Amino acid sequence: MSDAVLYGYFRSTAAYRVRIALNLKGLSADHRFVHLRKGEQTQESYRKINPAGLVPYWIDGDLQLAQSLAIIEYLDETHPQPPLLPPDAKGRAVAREIALVAVSDIHPIGNLRVLNRLIEMGVDEATRAAWSRHWIETGFDAIEARLSQLPGPFCLGETPTLADICLVPQVFNARRFGVDLAPYRRILGVDAAAAKLDAFASAAPANQPDAE
Ligand SMILES: N[C@@H](CCC(=O)N[C@@H](CS)C(=O)NCC(=O)O)C(=O)O
């Protein structure tokens, strides 16, 4: 696995998910950095690698893969220990439900290219930040309601799963945008439990070589 390459960016929540999964599996990769704020993802040199112009991007032998969830599930299938999904079908469905709120409902609406499009449309900074906070809070309301039915400290109990891998980076992003997290006691508990694990702590944006 040490030949595998991960293109990422320290503050990319999607790349952060993959870093956590790699760490939980005890896998290493050659980390290469794409400076999203400087627009390196739009340059031809990167578009030749990933035509979608997004990170993360994973290259492992002849496999080239975009989409953090596809990469994480590939890692889970090729390196089953420790499993990133619960052993039972119901547990797996709930873990995926929580993950998808973060990945599909919250993340795309606040992505850099969406915020850049709002700038082009003349939307001011305060309104853009309010937009991001609104969609994070909407998703977090749904996740918090679900988590209140489940045992902690992680999303589905004693061990982290795909749900935590996707939720923790979104908490980082929520803080960045100034979301008031006080109402989300269970989400905060997941974040605190994750912070105690090296797999999560060493994947955090501040601990990446390209951190600014
Ligand atoms: N659904 C994709 C999302 C990938 C994505 O949007 N990545 C962001 C960083 S978190 C990105 O590369 N943004 C660059 C841009 O918006 O220009 C995944 O989960 O991998």
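Trainee: Which domains does the domain assignment give for the protein chain?

Mentor: Keep in mind that this is a predicted model. The assignment gives domain 1, covering 5–81, and domain 2, covering 89–199. Taken over C-alpha atoms, the centres of domain 1 and domain 2 are separated by 20 Å.

Trainee: And how many residues does each domain put into the contact?

Mentor: Domain 1 contributes 11 residues and domain 2 contributes 13 residues.

Trainee: Which helices supply the side of domain 1 that touches domain 2?

Mentor: Helix 1 (13–25) and helix 3 (68–78) each supply at least two residues there. Helix 1 gives the most to that side, with 8 residues. By class, the side of domain 1 that touches domain 2 has 8 nonpolar residues, 2 polar and 1 charged.

Trainee: Helix 1 and helix 3 again, then. At what angle do helix 1 and helix 3 pack?

Mentor: The angle is about 5°, and the axes of helix 1 and helix 3 are 9 Å apart. Angles under 35 degrees count as roughly parallel, and helix 1 and helix 3 are therefore roughly parallel to each other.

Trainee: Nice. Which residues make that contact?

Mentor: From helix 1 you have Ala14, Arg17, Val18, Ala21, Leu22 and Lys25, and from helix 3 there are Ser68, Ile71, Ile72 and Leu75. Sorted by class, the contact of helix 1 with helix 3 has 7 nonpolar residues, 1 polar and 2 charged.

Trainee: Switching to the ligand. How many residues surround the ligand, and which are the closest?

Mentor: There are 15 residues around the ligand, and the closest are Ser12, Leu54, Ser68, Leu112 and Arg113.

Trainee: Which helices supply the shell around the ligand?

Mentor: Helix 1, helix 3 and helix 5 (112–120) each supply at least two residues of the shell. The shell around the ligand divides into 8 nonpolar, 6 polar and 1 charged residues.

Trainee: Where does the ligand lie relative to domain 1 and domain 2?

Mentor: Between them, because domain 1 and domain 2 both give residues to the shell around the ligand.

Trainee: Let me zoom out for a second. How many helices and strands does the protein chain have?

Mentor: The protein chain has 9 helices and 4 strands. Along the sequence, the pattern reads β-α-β-α-β-β-α-α-α-α-α-α-α.

Trainee: How does the radius of gyration of the protein chain sit against a compact globule?

Mentor: It agrees: a compact globule with 212 residues would have a radius of gyration near 17 Å, and the protein chain has 17 Å. Along the principal axes, the C-alpha atoms fill a box of roughly 45 × 45 × 30 Å.

Trainee: Now some backbone details. What kind of peptide bond joins valine 55 and proline 56?

Mentor: That one is cis, with omega about 5°. Proline 56 is in the loop between helix 2 (44–47) and strand 3 (57–60). The bond from glutamine 81 to proline 82 is cis too, with omega near -10°. Proline 82 belongs to the loop between helix 3 and helix 4 (89–106).

Trainee: And what is the phi of glutamine 67?

Mentor: Glutamine 67 has a positive phi of about 75°, although it is not a glycine. You can find glutamine 67 in the loop between strand 4 (63–66) and helix 3.

Trainee: Why point these out?

Mentor: Because most residues other than glycine have a negative phi, and most peptide bonds are trans.

Technical notes:
Residues are numbered from 1 along each chain as its sequence is written. This is a predicted model: local features need pLDDT of at least 70, side-chain atom pairs count only at pLDDT 80 or more; totals for chains, interfaces and linings use all residues. Domain bounds come from an automatic or database domain assignment. Two residues are in contact if their C-beta atoms, placed from the backbone, lie within 7 Å. Ala, Val, Leu, Ile, Met, Phe, Trp, Tyr, Cys and Pro count as nonpolar, Asp, Glu, Lys and Arg as charged, and the others, Gly among them, as polar. A residue is near a molecule or strand if its C-beta atom, placed from the backbone, lies within 6 Å of it. Axes are lines fitted to C-alpha atoms, for helices over the stretch in contact, and angles run from 0 to 180 degrees between N-to-C directions. Angles under 35 degrees count as roughly parallel, over 145 as roughly antiparallel, 65 to 115 as roughly perpendicular and the rest as oblique. The radius of gyration is taken over C-alpha atoms; the globule rule is 2.2 Å times the number of residues to the power 0.38.
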